[in-house]
Amino acid sequence: MSLPDAEADNLPLTAASQAEKAADMLRAARLLVVDDSKMMRMGISRSLRQLGVEHIEEASNGRQALQRLQEEPFDLMLLDVEMPEMTGLEVLAEMQHNAVLRGFPVIVISGGQEIDDVVRCIEMGAEDYLPKPFSQVLLKARLTSSIEKKRLRDLETMRRQQLQAQHEQLEQEQGKTERLLLNILPRSVSHRLKGGEKRIADAHPDVSVLFADLVGFTQMSNGMSAEKLVNLLDQIFSAFDAIAGDAGVEKIKTIGDCYMLVGGLPEPRVDHANAVVDVAFAMLKAIDAFNQEHGTSLQIRIGVNSGPVVAGVIGMHKFTYDLWGNTVNVASRMESTGTPGRVHVSPTTAQQLDKHFALQARGAVTVKGIGEVETFFVQGPRAP
């Protein structure tokens, strides 16, 4: 009865299978024989072929050997120590200082019998040492051991490279996920979600909320191709994104051709009203620049309100970071009751603006759920 493959793989190798494995390794191995004597190279190569080695290359000196090792794949080098142009020890020293060749298996062959020669070669990185003349049995044992070690090192290197590649791929995927989250959520909120928080809802006592609506875009887009429509909106809102990012305020979302942002969260700031109104005027300039570039006559209507809100992440799929509370409703009403090309603010926002902003009383505006509210247009910074 035959054993399953997994069990068979775990059985100890028999002597016959070990010998067959060693023979296969020798047949597949590619060896470099280095000796200044052509007769010695021929003799070593003949001994190697008798052991079953089929792929044998030769080099007549150390420099040629180093060059070939860097240009061609080899599994083992048999290196003579006593060569006139460049000794074996000098070759080993060069290999130690070469990141590509350091650790490459070398069997040193020499007629010298001094133990110091053996020690020095091993210290310089040689895998093993064979004195001349050497026996076929000893040569085969040295070859098999060195080639097997090389194979195991190559496997380990390949595994490390695979792990490194997997690690780099994982880091790239994590980077993509991080960038995607940062396109959806504020950085601090993204970190909290990644830290394991399941539900995020924070009360912010004082922020400024802005709504900006494109006036005339619907009429302009009639008959426009879908691609052109999206490209124009992308250009406008990308400009708004850059303005908001530079000012340190947080874009919340776009709703059709309406843009919403807030100043003062998720990190509080005392000048949120000033920052948001500055952004509002920068958005008006961006629309002017867009009109000049495209020959259009778009305008935006901007409304701002300040006060407390609740901010958080809702949903399990296509989740979003959003704001709730009456402050948001009043800000939306400031936009809808405003005037194209002007910044319309509530009294709570007007109270928080620095004195360098010039305000113009708008009069009473009816706000749903509140009633009559005295509002203002911001005319811009006061002249110094």
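Tutor: Let us begin with burial: a residue counts as buried when its relative accessible area is under 20%. D213 has a relative accessible area of 15%, so D213 is buried. Please keep in mind throughout that this is a predicted model.

Student: Where is D213 found, and with which residues is D213 in contact, leaving aside its neighbours within four places in sequence?

Tutor: D213 is found in strand β6. Beyond the neighbours within four places in sequence, D213 is in contact with D257, C258, Q299, I300, R301 and E335.

Student: How much of the protein counts as buried, and how many helices and strands does the secondary structure contain?

Tutor: The protein has 384 residues, of which 41% count as buried. Its secondary structure comes to 13 helices and 13 strands. As for the reach of the contacts, take those between residues at least 6 apart in sequence: 65% of them join residues at least 24 apart.

Student: Let us turn to sheets. In what order do the five strands of the open sheet stand, and is the pairing parallel or antiparallel?

Tutor: In general, the strands of a sheet pair through backbone hydrogen bonds, and the pairing may be parallel or antiparallel. Here the five strands form an open sheet in the order β2-β1-β3-β4-β5, with parallel pairing. The edges are taken by β2 (55-59) and β5 (128-131); each has a single partner strand, so one side of each is left without a neighbour in the sheet. From one strand to the next, the twist averages 20°.

Student: How many bridges join strand β4 to β5, and which residue of β5 stands opposite S110?

Tutor: Strand β4 (residues 106-110) and β5 run parallel and are joined by four bridges. The residue opposite S110 is P131 in β5.

Student: Across which strands does helix α3 lie, and which strands does α5 touch?

Tutor: Helix α3 (residues 38-50) lies across β1 (30-34), β2, β3 and β4, and runs at about 170° to β2. Helix α5 also packs on the sheet, where it touches β3 and β4, and its direction makes about 140° with that of β3.

Student: At what angle do α10 and α11 pack, and which residues make the contact?

Tutor: These two helices pack at an angle of about 150°, with their axes 10 Å apart. Angles over 145 degrees count as roughly antiparallel, so α10 is roughly antiparallel to α11. The crossing of α10 and α11 is right-handed. The contact is made by L232, Q235, I236, A239, F240, I243 and A247 of α10 with V279, A282, M283, A286, I287, F290, E293 and H294 of α11.

Student: Which residues touch the most other members of the largest nonpolar core?

Tutor: They are L210, F240, L261, M283 and I302, in a core of 36 residues. The elements that give two or more residues to this core are β6 (201-215), α10 (226-247), β8 (258-263), α11 (272-294), β9 (299-314) and β11 (343-345). The largest share, eleven residues, comes from α11. Leaving aside neighbours within four places in sequence, the contacts of L261 include L210, A244, V276, V279 and M283. There is also a second, separate core of 23 residues, which includes L66, L69, L89 and C121.

Student: Finally, where is M83 found, and is M83 buried or exposed?

Tutor: M83 is found in the loop between β3 (76-80) and α5 (88-96). Its relative accessibility is 5%, so M83 counts as buried. Apart from its neighbours within four places in sequence, M83 is in contact with V34, D35, D36, N61, G62 and G88. The C-alpha atoms of M83 and S60 are separated by 9.1 Å, although these residues are 23 residues apart along the chain.

Key: Residues are numbered from 1 along each chain as its sequence is written. This is a predicted model: local features need pLDDT of at least 70, side-chain atom pairs count only at pLDDT 80 or more; totals for chains, interfaces and linings use all residues. Side-chain values use heavy atoms; hydrogens and water are left out. Buried means under 20% relative accessible area, exposed over 50%, partly exposed in between (1.4 Å probe, protein chains only). Contact means heavy atoms within 4.5 Å. A nonpolar core is a set of buried Ala, Val, Leu, Ile, Met, Phe, Trp, Tyr and Cys residues joined through side-chain atoms within 4.5 Å. Two strands pair if DSSP finds at least two bridges between them. Axes are lines fitted to C-alpha atoms, for helices over the stretch in contact, and angles run from 0 to 180 degrees between N-to-C directions. Angles under 35 degrees count as roughly parallel, over 145 as roughly antiparallel, 65 to 115 as roughly perpendicular and the rest as oblique. A crossing is left-handed if the near helix is turned anticlockwise from the far one by less than a right angle, and right-handed if clockwise.
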